[in-house]
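Subject: Structure for your review

Dear colleague,

Please find the structure below, followed by an account of what was found in it. I would be grateful if you could read the two side by side.

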Amino acid sequence: MLSLQYQSETFRKDVSDLLRYIIRRLCLMVVLLFGVSVLVFLISHFVPSNPAAANLSQTALNDPEIVAAYEAKWGLDKPVWEQYIIYMKNILVNHDLGTSIRTGRPILDELKQYFPATLELSIFAMLIAIVLGVTFGVISAIFQNKPIDHIVRAVSVSGVSLPSFWFALLVMNLFCSVMNIFPSGNRYDARLFAPNGGTGLYVIDAISWNNWPLLSDVLAHLFLPALVLGFFTMGLITRQTRSNLLEVMSSDYIRTARSKGMKESRVVWRHALGNALVPVITVSGMGFCNLLGGMVFVEKIFSWPGIGQYAYLAAVNLDFPAICGVSLLIALTYVVVNLFIDILYGVIDPRIRYQ
Amino acid sequence: MKVLKELLMQKNIMFKVGLFIFFAWILIAILAPVLSPFDPINDQDIVRKFEAPSSEHWFGTDELGRDVFSRVLYASRVSITCGLITVLISLVVGVFFGGLAGYIGGVVDDVMMRFSEMIQSFPPLILAMVIAAALGPNISNSVLAMAIIWWPNYARLTRSIVISIKGNDYVTASRVLGATHTRILGKELLPNSVGSMVVMCTLDLGNAILMFSGLSFLGLGIQPPVPEWGAMVSEGVRNSAKWWISTFPGLAIFTVAIGANFIGDGLRDYLDPKMRRTIG
């Protein structure tokens, strides 16, 4: 009775600790995002580049009236702090991120259009990375110092040393042009399908519409970019899984399990792997961050209409409103994912306390 | 030197391979004018563009009829130098601010750490891309952009090391003996971080070369006609049927990065087997 009461009390304390932790992190997140918005805004406004020069034609640049009109239209003639206040007010009050200088469309609409493509790609990339990474890591640890271990380690180190733009190009040339197994470019075959409405996550949309040809087409387009994108993270996860598993396998409770006469496969899968995988969660968070960067290359090479392409086009065209919008979105995604991972970490491993 | 000798005595194949690859590339960078059969920029022969690898042009020719082999060799100079400079700037700035934050503590520490968190809440490539594009695409700006992103890593590492040892008795003793703050920081605290810093620098050197070539690939790093690996790969994207244009420069980036990573891994295992867990 006493122990039951004790348990329910500690449980309640755990939950309240968790809640307090989440609230604290959310507050910190707001501060961080405020800082990020100032940072991005300053970078994009205190630099020597001239957005008028980047976006107007040479003939228009020779006409001071056109340049002045252009600067007035985008508020480029006001002091920076005033521009920032106007910008933040528009975001928070009117939910308006401004208009893209490059396309002339509202940035919020554009981000809504591009984000699902990136979300779908990154989810599949993470899935591939985690499944392959954990499998390889376990194989590598079980056969420690055997030839297969060396091969897996070599592959995982190359995963973190491969320039992803080059790897993407190689894979695309090999599988799409030379062998012609996979389609390349875009998220689906535009000659056959015209998906409209829905969530924008075409795998889910195709399933909910019972449109199986679309589903297979979308998956075929998704596979290569997701594989290339996930390769780096896979390398990280393989290395982490291997070293954790080796460490756990040398601990006392595993020796006990073995000395009870338990089968080796059961020792690995039931007893060791659970504990070995906890730090892998953290690495997955790091991997996700890298994924967001690698996205720029992979989306560019596979013509994937996502946030990475959008960020690249915004940056090279010095499209300041778009740069700010897309940076805020990426920072927000990153911070939310990290918060989620930290919480997950504690939920899975009860030894970790929130402070 | 003693450390290096000891390292080479150990049974650590990956470290030796890494060292070999990396020094081979440094030699290539130094000897590029001697080793290259053609001039990387001026030997253009538009009639002989897009030639497949042959005994004359080992790696074929590019869209202006330039020898890809010579360009790959010359490009090592830019990439390795820029990688080194990036890491050095980040190291100096990071150790200075991190050491200060850890030693002084309080508000200084808080402000410094929040600022570095802000920078780290971006995927590095995206921030580098934005900064490099905004400053105007050229070599020094892309190196600057990378250094801006990288120094917080060094600052955080230095800070954590300084904080973990500044309460030790020997530090207190030297303060009691009347040592100045500069002396305590420079002589007692920072030397303790050398090992971790060396590991981080080698691993980062590979990353910096990767990112620099990435920026050049996007057209934000070095500008033509100077040969650079990433820019050469992007030339291969425009001419994707001519596989040799992108394959060889890509292999070059890959080998340099893998060399740096092997060295870094080997050093890490040697200096502290436990660090494997924290850095991963």
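Is F254(B) buried or exposed? F254(B) counts as buried, because its relative accessibility is 17% and the cut-off for buried is under 20%. Please note that this is a predicted model, and that the values below were computed from it.

**Chain A as a whole**

The secondary structure of chain A consists of 14 helices and 0 strands. Chain A has 355 residues, of which 49% count as buried. Its C-alpha trace spans about 85 × 60 × 45 Å along the principal axes. If one takes the contacts in chain A between residues at least 6 apart in sequence, 71% of them join residues at least 24 apart.

**The interface between chain A and chain B**

In this interface, 44 residues of chain A are in contact with 45 residues of chain B. The area buried between the two chains is about 3,900 Å², and carbon and sulfur atoms give 76% of that area. Three residues, S161(A), F165(A) and W166(A), supply 15% of the area that chain A buries against chain B, which is more than any other three residues supply.

R239(A) forms a salt bridge with D265(B), and the closest N and O atoms are 2.9 Å apart.

Several helices of chain A each supply at least two residues of the side that touches chain B, among them helix 1 (2–45), helix 7 (147–161), helix 8 (164–178) and helix 10 (212–249). The largest share of that side, 7 residues, comes from helix 12 of chain A. By residue type, the side of chain A that touches chain B divides into 31 nonpolar, 9 polar and 4 charged residues.

**Aromatic pairs**

Over all chains, the search of the whole structure finds 14 aromatic pairs. In one of these, the ring centres of Y114(A) and Y310(A) are 5.2 Å apart and the planes lie at 35°, so the pair is tilted. Y114(A) belongs to helix 6 (residues 107–142) of chain A and Y310(A) to helix 13 of chain A, so the pair ties together parts that are 196 residues apart in sequence. Y114(A) is buried at a relative accessible area of 19%, and Y310(A) is buried at 1%.

A further tilted pair is formed by W166(A) and F254(B), at 6.3 Å centre to centre and 35° between the planes. This pair crosses between chains, running from W166(A) in helix 8 of chain A to F254(B) in helix 11 (residues 243–271) of chain B. W166(A) is buried, with a relative accessible area of 4%.

In chain B, ring pairs link F96(B), F97(B), F115(B) and W151(B) into a cluster.

**A buried arginine in chain A**

R242(A) lies in helix 10 of chain A and counts as buried at 7% relative accessibility. The side chains of R242(A) and D149(A) are joined by a polar contact of 3.0 Å. Leaving aside residues up to four places away in sequence, R242(A) touches residues including G137(A), S140(A), Q144(A), N145(A) and R153(A).

Yours sincerely

Definitions and conventions:
Residues are numbered from 1 along each chain as its sequence is written. Chains are lettered from A and ligands numbered from 1 in the order in which they are written. This is a predicted model: local features need pLDDT of at least 70, side-chain atom pairs count only at pLDDT 80 or more; totals for chains, interfaces and linings use all residues. Side-chain values use heavy atoms; hydrogens and water are left out. Contact means heavy atoms within 4.5 Å. Buried area is the accessible area (1.4 Å probe) that two parts lose on being put together, summed over both. A salt bridge is a side-chain nitrogen of Lys or Arg within 4 Å of a carboxyl oxygen of Asp or Glu. Helices (H or I, at least four residues) and strands (E, at least two) are DSSP runs, numbered from the N terminus. Ala, Val, Leu, Ile, Met, Phe, Trp, Tyr, Cys and Pro count as nonpolar, Asp, Glu, Lys and Arg as charged, and the others, Gly among them, as polar. Rings of Phe, Tyr and Trp (its six-membered ring) pair if their centres lie within 6.5 Å; planes under 30 degrees apart count as stacked, over 60 as edge-to-face and the rest as tilted. Buried means under 20% relative accessible area, exposed over 50%, partly exposed in between (1.4 Å probe, protein chains only). A polar contact is a pair of N or O atoms within 3.5 Å; within protein, one must be able to donate a hydrogen and the other to accept it, and residues adjacent in sequence count only if both atoms are side-chain atoms.
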